[in-house]
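Morning, everyone. I have one structure to walk through today. Please have it up on your screens.

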Amino acid sequence: MERRAIFSAKVGFLFLAPALAFVAVFLLYPFVRVFLLSFTNQTLLGTTAPNPEWVGFDNYRRLFDFDRWMRLGEFGSALKITTQFVIGSALIGQVGLGLLIAWAFYRKKGVLREAVYTLVILAWIIPETVVAFTWVAFLDRDFGTLNALLDAVGLGRPDWLFKHPLESIILFNSWRGAAFSMLLFSSALETIPPSYIETAEVAGANAWQKFRDIFFPLLRGHILTDLILITLWTFNVFTPFLLTGGGPARRTELVSIYTYRTAFHGQHEFGKGGAIAVVMMLINFALALIYLSLIRRRRVHG
Amino acid sequence: MNRYRIRTTTSRALLLVFAFIMSAFFALPLLWLLTAPFSTQANLAVKIPETPSLANFEAVFRNKFAIRALFQNNLILGGGVMVLVASIATLASYGLSRTRVPGRDVLVYILILFSSVVSGTAAMVPLFLLIFNLGLIDTYLGVILVMTGGLLPSGIFIMRDFVDSIPRSYEEAALVAGASSFRMFRDVAFPLVRPGVMVVAIWAFVNAWGAFLIPSVLLRSPEHMPASIAFYSFYTEAGTPNLTLVSAYAFLYTIPVLLLYLIVNWRFGFRFFGGIKS
């Protein structure tokens, strides 16, 4: 559909100006600033606070000190934990679960769908500090609901947050964020013409065949968009800090928590924090480009 | 058609089992929030109190610090972010929709991706210095500006579908009748996009209401802290939380979010409008 222009470019620009100002000051400027920052020894306190010195690649050398970087609490370890966290809670947890729920309730109405959707959305919108407390209660070894259920079927009482901290935050984050993917896929599914499905059903296609031959090709763009956003958000998410504080013994120290500890705790090393931020943003950009090229490939061949 | 009937019965049973498992997975971690606030001896167990009591809430209301965080500081932060995000996102998405901007959908898409890259703790490092240099550390304004900057791209993304879906004929008629662009926006277009403005406003408010990282980095004095951080006033000196009070405070803190969800769901249906295009 061709959009008719109602405004001249000049009036249109006036409408856009406040948003552009915010994007320039709070997105573009920090993005550029952090590169410069990463080559200095800026701290919050002490002599290097007012007069930071140019230290070249020192901060990066400290991050990629390969003798120690896979130790818990170091950068390599944080990257490895983050990768496991993103694969487990973003790709499998949130996107997988969201797609599964949206698909299960496709073309269904009624109490069942309303109940499940409401619960999934509540998990998403309740303040993060609150859900962190309820999950600490849920996972508690002695009193928690999860262990009460496991114990009842004879599976014992594992100490989730101490013995399986990474699995715990993966489960937590899947629970927390599945709503976005579910809502995105359920509104995407509505765009599929019902006649496609009916034709397939008349031809005797089973659920998996319908998914593979109708939903997946038509929703590929939506799936990739969802994958990009969820991957980037999960990469940057800070909420698990409220559940574990990065522990025990830094075993759940995601890169976001490692950055926080470096820049906003102890020595407040902004220079090193800036270097971590630069590496994180570059990884995020690389991931976004990979997904975008997958979307484009579909356009070329499709 | 016997085979068909068997298949529908099986799939209905499967759906029932699936719905049950999903409901359990998403509801069980929240149950504690419904029982603990009303028990005078709450621990981490989910247990319906034999004599439900409101004593915890009385104790919470005696904590002036936490109450001011919830009913004053959170409202200032939530309200400020809500007004800024809703108004700026509305203007921007309207401008984008009604002007010929080449590659506009791609631009908005890139903006969303960019804001997802420059976010979280990574972005907080340069943003802290920016706010520090502006002299806005420990002010609500600093927190409101940073949160608005982070939420705007998604706000524009949400608004865009609303603005695109309203017909242009009224606006064209108003312009033909001689109204200025801004008068036409105020009197003709704005009333039409108001449902979208409301959804974005509530979404921005809920985001600011629950925020933890940005205020904890940019605010310093205890009396400025929002509720997400005021939880620490229910900890003992040894650093263990007083669970009965924490749960009651968490309950109060969650109620506004629940109410806003119910309003949006009742008025508009809680869903994504138009579907997100790639």
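Let's start inside chain A. Thr82(A), Phe85(A), Val86(A), Ser89(A), Ala90(A), Gln94(A), Val95(A) and Trp103(A) sit on the H3(A) side of a helix pair. They meet Phe211(A), Phe215(A), Asp226(A), Leu227(A), Ile230(A), Thr231(A), Thr234(A) and Phe235(A) of H10(A). Sorted by class, that contact holds ten nonpolar, five polar and one charged residues.

A word of caution before the geometry: this is a predicted model.

Now the angle. H3(A) covers residues 75-104, and H10(A) covers residues 207-236. They pack at about 140 degrees, and their axes are 10 Å apart. Roughly antiparallel would need an angle over 145 degrees, so the two helices count as oblique. The crossing of H3(A) past H10(A) is right-handed.

Step back to the whole chain. What is chain A built from? It has 13 helices and zero strands. The C-alpha trace spans about 75 × 70 × 35 Å along its principal axes. Of the 302 residues in chain A, 45% are buried. Take the contacts in chain A with a separation of 6 or more: 68% of them join residues 24 or more positions apart.

Next, the partner. How many residues of chain B are in contact with chain A? The count is 76, against 81 residues of chain A. Helix H6 of chain B, residues 120-133, gives the most to the chain B side, with nine residues. By class, that side has 52 nonpolar, 18 polar and six charged residues.

Let's look at H6(B) against helix H1 of chain A, residues 9-37. These two pack at about 95 degrees, with axes 9 Å apart. That angle makes H1(A) roughly perpendicular to H6(B). From H1(A) come Tyr29(A), Pro30(A), Arg33(A), Val34(A) and Leu37(A). Facing them in H6(B) are Ala123(B), Val125(B), Pro126(B), Leu127(B), Leu129(B) and Leu130(B). The class tally here is ten nonpolar, no polar and one charged.

Last stop, the core. The largest nonpolar core has 164 residues. Which of them touch the most other members? Val120(A), Val81(B), Val85(B), Val200(B), Ala204(B) and Tyr249(B). Helix H4 of chain B, residues 64-98, supplies the largest share of this core, 15 residues.

Zoom in on Val200(B). Leaving out residues up to four places away in sequence, Val200(B) touches Val85(B), Ala86(B), Ala89(B), Gly155(B), Ile158(B) and Met159(B).

That's my tour. Questions, please.

Definitions and conventions: Residues are numbered from 1 along each chain as its sequence is written. Chains are lettered from A and ligands numbered from 1 in the order in which they are written. This is a predicted model: local features need pLDDT of at least 70, side-chain atom pairs count only at pLDDT 80 or more; totals for chains, interfaces and linings use all residues. Two residues are in contact if their C-beta atoms, placed from the backbone, lie within 7 Å. Helices (H or I, at least four residues) and strands (E, at least two) are DSSP runs, numbered from the N terminus. Ala, Val, Leu, Ile, Met, Phe, Trp, Tyr, Cys and Pro count as nonpolar, Asp, Glu, Lys and Arg as charged, and the others, Gly among them, as polar. Axes are lines fitted to C-alpha atoms, for helices over the stretch in contact, and angles run from 0 to 180 degrees between N-to-C directions. Angles under 35 degrees count as roughly parallel, over 145 as roughly antiparallel, 65 to 115 as roughly perpendicular and the rest as oblique. A crossing is left-handed if the near helix is turned anticlockwise from the far one by less than a right angle, and right-handed if clockwise. A nonpolar core is a set of buried Ala, Val, Leu, Ile, Met, Phe, Trp, Tyr and Cys residues joined through C-beta atoms within 7 Å. A residue is buried if 20 or more other C-beta atoms lie within 10 Å of its own, exposed if 12 or fewer, and partly exposed in between; C-beta atoms are placed from the backbone.
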